[in-house]
Amino acid sequence: MSAITRDEVAHLARLSRLALGDDELDHLAAQLDQIISAVARVQEVAAEDIPPTSHALPLTNVYRADEVRPSLAPEQALAGAPAAEEQRFRVPRILGEEA
Amino acid sequence: MSELVTKGAAELGELIAGGDVSAVEVARAHLDRIARVDGQVNAFLHVDAETTLAQARAVDERRAAGEELGPLAGVPIAHKDVFTTADMPTTAGSKILEGWLPPYDATVTARLRKAGLVILGKTNMDEFAMGSSTENSAYGPTRNPWDTSRIPGGSSGGSSAAVASYQAPLSTGTDTGGSIRQPAAVTGIVGMKPTYGGASRYGMIAFASSLDTPGPFARNVLDAALLHEAFSGHDAMDSTSIDAAVPPVVEAARRGDVNGLRVGVVKEFHGEGYEPGVTARFDEAVEVLESLGAKVVEVSCPNFTYALPAYYLIAPSECSSNLARFDAMRYGLRVGDDGSRSAEEVMALTRAAGFGPEVKRRIMLGTYALSSGYYDAYYGKAQQVRTLIKRDFEAAFEQVDVLISPTTPTTAFTIGERADDPMAMYLADLCTIPTNLAGNAAISVPCGLSDGLPVGLQIMAPVLADDRVYRVGAAIERALEDRWGGPLLAQAPAL
């Protein structure tokens, strides 16, 4: 039995914002199936009472003083923009996508 | 080959400080070497001789003006193309960032500029540091100077190849699952992964933030320690940076003795599944350590066998989140913005065109592991394995001062051999991953050849005991070089 179906892979591509073609999806479905079957080994570890570790360091809530500091000028911030207009990032429409 | 390019960083630093040679002459010798051999190696993505020479001139002027400069002032360095540089493009090996000029320097870059190191260029890498061969670069593979039909390791393969082919005495890399130690091992040089948080990640393009660690490459242990010291230490711009003194790595590398030290051989990383030549060189290294007065015992770390699967859930999960920033809106590539498409469509088209196959695989895998319904069975379990691996290290370090293993199960494989078999590729990092999950320090030093290709010895120490791996590394380096009659790299075929 496969660990992941092609439909699930197509759904993951949508969630990941990757517009993949059919060939790419077919190829990835087979590879992801193989990888997921292999990494599922973590489930062999009897770990009911083991706390999770999300990070190597036991650091929490690192704050800095709330002080005004120099930052990038608008021209610097926009220098790498694919499109800019009136000191703003110009983006494709974000509203009315359902229409 | 100019004699200047065969010298190590410490020696070059002394020659420049003593006025025997200028930073400009040293930079020129390395630029000439790059022009002559990089066509065969493809270690560099970006070289700009004018910018490099201007930096070298500035160092010579600072010295002439009487400024007190550090031990590496005027020494050239190559930066992995994952560190932002305000005067050179930064691509992370990806098409999605082709031509991007960052608006700021990474902390590592900035600190090394201040210390007077001269940037030769930016080195090739697996796209977004995902890979073990540098074949995943959007700009073509880098080749191993020992045999140009083979991989130089990855993801920092441009940095390892540049140092191993005398194009640079030093380079920077990043290590998320072995991306410094594995390339160092397969090219016959020294590569070190510091304790997580020991050096700043600010300006280092993120792959898996809880694992990513910047670190040094060099041709000897002392040079690696000097570079480590020069860029390490607390940085307020990285909230996971440790606010503690940098471990005394340079002193340890100069001292280099193991008398009375307790050394543990990781039982799970020895024997079956390892190339015979790798095991033979490793066993010889163990004998050398014993002959130098170390007490060597076998130590079991039973959960290390689960490190690889746990890593391939944790790292892709973090990558799927980190790489969401490549949205075609603020910087980088934008595809399909013809006025008819929505932002979301443009985003999906851009990401499909701009990311390579391995990056797509990992984003999808991470999205899967984090999705509701699968989270507990995959990401949750992997985080519990991470706890068990930390505990294995803690228990082991109650018995021994350092742990050792081969750095990699095999020597450099041929280009293309594992390119379309992700699981075979992932095995290259089998021995290096536990250290990333636990956040402690580890180094790879050359320990001989197997069928004419370099083998690496991995030395692991507890969190913030980075000096210990340099101490052991320097001791074994001295003993082995006595035996070989010089550095291992001297046995590499000429390019």
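**Exercise 1. Work out whether B:Ser149 is buried, partly exposed or exposed in this predicted model.**

*Solution.* Start with the number: B:Ser149 has a relative accessibility of 37%. Now bring in the cut-offs: buried means under 20%, exposed means over 50%, and partly exposed is in between. So B:Ser149 counts as partly exposed. Next, find its place in the chain: B:Ser149 sits in the loop between β3 (118–123) and α6 (157–164) of chain B. Finally, look at who it meets. Leaving aside residues up to four places away in sequence, B:Ser149 touches B:Arg143, B:Thr414 and B:Ile415.

**Exercise 2. Check the span of helix α10 (residues 276–291) of chain B, then list its buried residues.**

*Solution.* The helix has 16 residues, and at 1.5 Å a residue α10(B) should span 22 Å. The end C-alpha atoms of α10(B) are 23 Å apart, which agrees. Now go along the helix: the buried residues are B:Gly277, B:Val278, B:Thr279, B:Arg281, B:Phe282, B:Ala285, B:Val286, B:Val288 and B:Leu289. What covers them? The cover includes the strands β7 (262–266), β8 (295–299), β9 (402–406), β10 (441–450) and β11 (453–461), plus the helix α17 (466–484), of chain B. After α10(B) comes B:Gly293, with a positive phi near 105 degrees.

**Exercise 3. Describe how α11 (residues 307–322) and α14 (residues 376–399) of chain B pack.**

*Solution.* Two packed helices are described by the angle between their axes and the distance between the axes. Here the angle is about 125 degrees and the axes of α11(B) and α14(B) are 9 Å apart. That angle makes the two helices oblique to each other, and their crossing is left-handed. From α11(B), the contact uses B:Ala307, B:Ala310, B:Leu313, B:Ile314, B:Ser317 and B:Glu318. Among the α14(B) partners are B:Tyr378, B:Tyr379 and B:Ala382. Sorted by class, this contact has nine nonpolar, two polar and two charged residues. As for α11(B) itself, 15 of its 16 residues are buried.

**Exercise 4. Now try a pair from two chains: α2 (residues 22–39) of chain A and α13 (residues 357–370) of chain B.**

*Solution.* The angle is about 60 degrees, with the axes of α2(A) and α13(B) 11 Å apart. These helices are therefore oblique to each other, and α2(A) passes α13(B) in a right-handed crossing. On the α2(A) side, the contact includes A:Glu24, A:Leu28 and A:Gln31; on the α13(B) side, it includes B:Lys360, B:Arg361 and B:Met364. By class, the contact splits into seven nonpolar, one polar and three charged residues.

Notes: Residues are numbered from 1 along each chain as its sequence is written. Chains are lettered from A and ligands numbered from 1 in the order in which they are written. This is a predicted model: local features need pLDDT of at least 70, side-chain atom pairs count only at pLDDT 80 or more; totals for chains, interfaces and linings use all residues. Side-chain values use heavy atoms; hydrogens and water are left out. Axes are lines fitted to C-alpha atoms, for helices over the stretch in contact, and angles run from 0 to 180 degrees between N-to-C directions. Helices (H or I, at least four residues) and strands (E, at least two) are DSSP runs, numbered from the N terminus. Angles under 35 degrees count as roughly parallel, over 145 as roughly antiparallel, 65 to 115 as roughly perpendicular and the rest as oblique. A crossing is left-handed if the near helix is turned anticlockwise from the far one by less than a right angle, and right-handed if clockwise. Contact means heavy atoms within 4.5 Å. Ala, Val, Leu, Ile, Met, Phe, Trp, Tyr, Cys and Pro count as nonpolar, Asp, Glu, Lys and Arg as charged, and the others, Gly among them, as polar. The expected span of a helix is 1.5 Å times one less than its number of residues. Buried means under 20% relative accessible area, exposed over 50%, partly exposed in between (1.4 Å probe, protein chains only).
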